[in-house]
Amino acid sequence: MRIDRYLTGLLILAALGPFLMSGSVSAKEYFTIKNGVLERPSGFREWIYVGTPLTPDDMNNGRASFPEFHNVYIDPESWEHWKKTGKFREGAILIKEMAGVGSKAATSGKGYFMGDFIGLEATIKSKREFPGEPGNWAYFSFTTEDHRSVKKTANAQSQANCNGCHETSAQDDFVFTQYYPVLRAGKANPENAVGGK
Ligand code: HEC
């Protein structure tokens, strides 16, 4: 009898182990990190789109440091959390996919119109993975020199390269929500978040 109970206990522990270790039973993560290396996330164009900052080359001495359109997405579970709490959850990931200016005139008028994809960056908030990073945010770049392809994996960037500027100038917990109308509208406001009634 006692042996039975002991065995049942062991089985339950074995089944729960991975959840107990990750600290949460339900939180889904949208990234894979192996030995500190981030695999290029996939499927993010179907996450929640939050905004598109634009730094055209021709307004930045011919070469913007992050060219040119920056389409930014947040993973769906972090969006749910943001709508309810106005905070970025443990395990949040934001992606910035860059597209070049393809054309400067359309039938609608002169302007900047998107061309091809030319780069990919990511930021992840995880105490478990990055206990030493400021705010527990780490930054990754999959962009290549020639902007024609993206890397399959990326190492966390040094704090000097990325964290500092985000920490000083971003509006909400290292994230530049001042440039993302979708996040601003939805901050702790579930009804507004989806476009109001
Ligand atoms: C000089 C300041 C500065 C530095 C350095 C910097 N960023 Fe940013 N980053 C910004 C600004 C401003 C935005 C929002 C506007 C934009 O994209 O132009 C942004 C947005 C982002 C976003 C979208 C999510 C968010 O946090 O708003 C990612 C991802 C990102 N940066 C990655 C990186 C990576 C990777 C590095 C290091 C290689 C880096 N950044 C370095 C200023 C900076």
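Student: So, two strands pair if DSSP finds at least two bridges between them. How many bridges join S6 to S7, then?

Tutor: There are 5 bridges between S6 and S7, and the two strands run antiparallel. Keep in mind that we are looking at a predicted model.

Student: Got it. Which residue stands opposite Lys125?

Tutor: That is Trp137 in S7.

Student: Is S7 itself buried or exposed?

Tutor: Of the 5 residues in S7, 4 are buried, so the strand is largely enclosed by the rest of the structure.

Student: Let me zoom out. How many helices and strands does the chain have?

Tutor: You can find 5 helices and 8 strands. Along the sequence they follow the pattern α-β-β-β-β-α-β-β-β-β-α-α-α.

Student: And what is the strand order in the sheet of 5 strands?

Tutor: The order is S3-S4-S5-S6-S7, in an open sheet with antiparallel pairing. Strands S3 (48-51) and S7 are at its edges and have a single partner strand each, so one side of each has no neighbour in the sheet. On average, and ignoring direction, neighbouring strands here are turned by 35° against each other.

Student: How many bridges join S5 to S6 in there?

Tutor: S5 and S6 are joined by 12 bridges and run antiparallel. They form a hairpin with 2 residues between them. If you want a pair to look up, Ser103 has Phe113 in S6 as its bridge partner.

Student: What about S3 and S4, over how many bridges do they pair?

Tutor: Those two pair over 3 bridges, in the antiparallel sense. For instance, Gly51 is opposite Val72 in S4.

Student: Now the sheet of 3 strands. What order does it have?

Tutor: That open sheet goes S1-S2-S8, and its pairing is antiparallel. Strand S1 (33-34) and strand S8 (153-155) are the edge strands; each has a single partner strand, so one side of each is left without a neighbour in the sheet.

Student: And S1 with S2, how many bridges?

Tutor: S1 and strand S2 (residues 37-39) pair over 2 bridges, in the antiparallel sense. Lys34 has Val37 in S2 opposite.

Student: Change of topic: the largest nonpolar core. Which of its residues touch the most other members?

Tutor: They are Val50, Tyr73, Ile74, Leu94 and Ile95, out of 34 residues in that core. At least two core residues come from each of S3, S4, helix H2 (76-85), S5, S6, S7 and helix H4 (181-186). S5 gives the largest share, 5 residues.

Student: Which residues does Tyr73 touch?

Tutor: Leaving out residues up to four places away in sequence, Tyr73 touches Phe44, Trp47, Ile48, Tyr49, Val50, Leu94 and Ile95.

Student: Tyr49 is on that list. Where does Tyr49 lie, and which residues does it touch?

Tutor: Tyr49 is part of strand S3. Again not counting residues up to four places away, Tyr49 touches Asn71, Tyr73 and Val182. With 14 other C-beta atoms within 10 Å, Tyr49 is partly exposed. Its C-alpha atom is separated by 6.6 Å from that of Ile74, which is 25 residues apart from it along the chain.

Student: Then Pro181: where is its place, and does it count as buried or exposed?

Tutor: Pro181 is in helix H4. It has 12 C-beta neighbours inside 10 Å, and the cut-off for exposed is 12 or fewer, so Pro181 counts as exposed. Pro181 and Thr52 are 129 residues apart along the chain, while 9.3 Å separates their C-alpha atoms.

Student: What percentage of the chain do buried residues make up?

Tutor: The buried residues make up 25% of the chain's 197 residues.

Student: Last one, the ligand. Which residues come nearest?

Tutor: Pro53, Tyr139, Cys162, Cys165 and Phe176 do, among 23 residues around the ligand. By class, that shell has 14 nonpolar, 7 polar and 2 charged residues.

Student: And which elements each supply at least two residues of the shell?

Tutor: Strands S4 (69-74), S5 (92-106), S6 (109-125) and S7 (137-141), along with helix H3 (163-169).

Terms used
Residues are numbered from 1 along each chain as its sequence is written. This is a predicted model: local features need pLDDT of at least 70, side-chain atom pairs count only at pLDDT 80 or more; totals for chains, interfaces and linings use all residues. A residue is near a molecule or strand if its C-beta atom, placed from the backbone, lies within 6 Å of it. Ala, Val, Leu, Ile, Met, Phe, Trp, Tyr, Cys and Pro count as nonpolar, Asp, Glu, Lys and Arg as charged, and the others, Gly among them, as polar. Axes are lines fitted to C-alpha atoms, for helices over the stretch in contact, and angles run from 0 to 180 degrees between N-to-C directions. A nonpolar core is a set of buried Ala, Val, Leu, Ile, Met, Phe, Trp, Tyr and Cys residues joined through C-beta atoms within 7 Å. A residue is buried if 20 or more other C-beta atoms lie within 10 Å of its own, exposed if 12 or fewer, and partly exposed in between; C-beta atoms are placed from the backbone. Two residues are in contact if their C-beta atoms, placed from the backbone, lie within 7 Å.
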